[in-house]
Amino acid sequence: MTETSRQSTSARARPVITVFERSPDGGKGLARDMRVRWALEEVGQAYDVRPLSFSAMKENAHRALHPFGQIPTYEDGALALFETGAIVFHIASHHEGLLPEDADARARAINWMFAALSTIEPSIIEREVVLYLERDENWFEQRLTLVDNRIRGKLTDLSRRLGGAEWLDGDFSAGDLMTVDVLRRLGGSGLLEEFPNLSAYVSRAEARPAFRRAYDAQRDFFNSSTAG
Ligand code: GTB
């Protein structure tokens, strides 16, 4: 359902998201455009992508859209957004399928979106910082253990709450989408596998057709951008 904006010939306006020209994840769908692509696929909204090099991300033209010079951004007509929480919330608010109709259930799903971004994601990002920037320090192992235990604490609580349920609160929602997208960044750490119900939860979400379409789109884009 995607096309690069350079190739788009459609007369109908479609939202445009910015993505890495060459994602450092090698097409594994770990960069944050993945959650936006996935949300758009879940609601059946076609979109275009505009690839950016690292230097273009820091230029004023892009900073007008994203003050921090990052990806992804989301443009739809006159609206431009630059935080994935806000982008996914916007998509979920304007289409059916990612937020329940019932006001309380809707609030709880939004609650899970915030929990994913502000309670679960920070320690997972911290782990990446440790791995990429602190590996040569003589306290590296102790620090990694400390951060891993902090993540284990969050996963223990999340695992307890999920229990044997399929999704966090009733039907699949934007709260699950955000939580799973955050948990996917633990791939390869072995931490998720310590919690079989969370591993199964992530696998269940990754088996959703909308996830597969989003994943394939970003992987195909990566492969085409690195071909030759
Ligand atoms: N809070 C913002 C949001 O949620 O939208 C954070 C956006 C953000 O961190 N963007 C990153 C970025 O633009 C890309 S997603 N980084 C470049 C920069 O800051 O100069 C983070 C990311 C990058 C790479 C991988 N990877 O290779 O596995 C995974 C995740």
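Three salt bridges link domain 1 and domain 2 in this predicted model. On the domain 1 side, helix H1 (33-43), helix H4 (84-94) and helix H9 (209-226) each supply at least two of the residues that touch domain 2. Of these, H4 gives the most, with 6 residues.

Domain 1 is made up of two segments, 3-97 + 209-223, and domain 2 covers 103-206. The contact between them takes 19 residues from domain 1 and 17 residues from domain 2. About 1500 Å² is buried between the two domains, and carbon and sulfur atoms give 60% of that area. Taken over C-alpha atoms, the domain centres are separated by 22 Å.

The largest nonpolar core holds 57 residues, among which Trp-38 and Leu-183 touch the most other members. Helix H5 (residues 103-133) contributes the largest share of this core, 9 residues. Both domains take part, since at least three core residues come from each of domain 1 and domain 2. With neighbours within four places in sequence left aside, Trp-38 is in contact with Phe-172, Leu-177, Val-180, Asp-181, Ala-205, Arg-208, Ala-210, Phe-211 and Ala-214. A second, separate core has 6 residues, including Leu-52, Ala-56, Met-57 and Ile-71.

Note on methods: Residues numbered from 1 in each chain as written. Predicted model: local features only at pLDDT ≥ 70, side-chain atom pairs only at ≥ 80, totals over all residues. Heavy atoms only, no water. Core = buried A, V, L, I, M, F, W, Y, C linked by side-chain atoms within 4.5 Å. Buried < 20%, exposed > 50% of the residue type's maximum accessible area, 1.4 Å probe, protein only. Helix = DSSP H or I, 4+ residues; strand = E, 2+ residues; numbered from the N terminus. Domains from an automatic or database assignment. Contact = heavy atoms within 4.5 Å. Buried area = accessible area lost by both parts, 1.4 Å probe. Salt bridge = Lys/Arg side-chain N within 4 Å of Asp/Glu carboxyl O.
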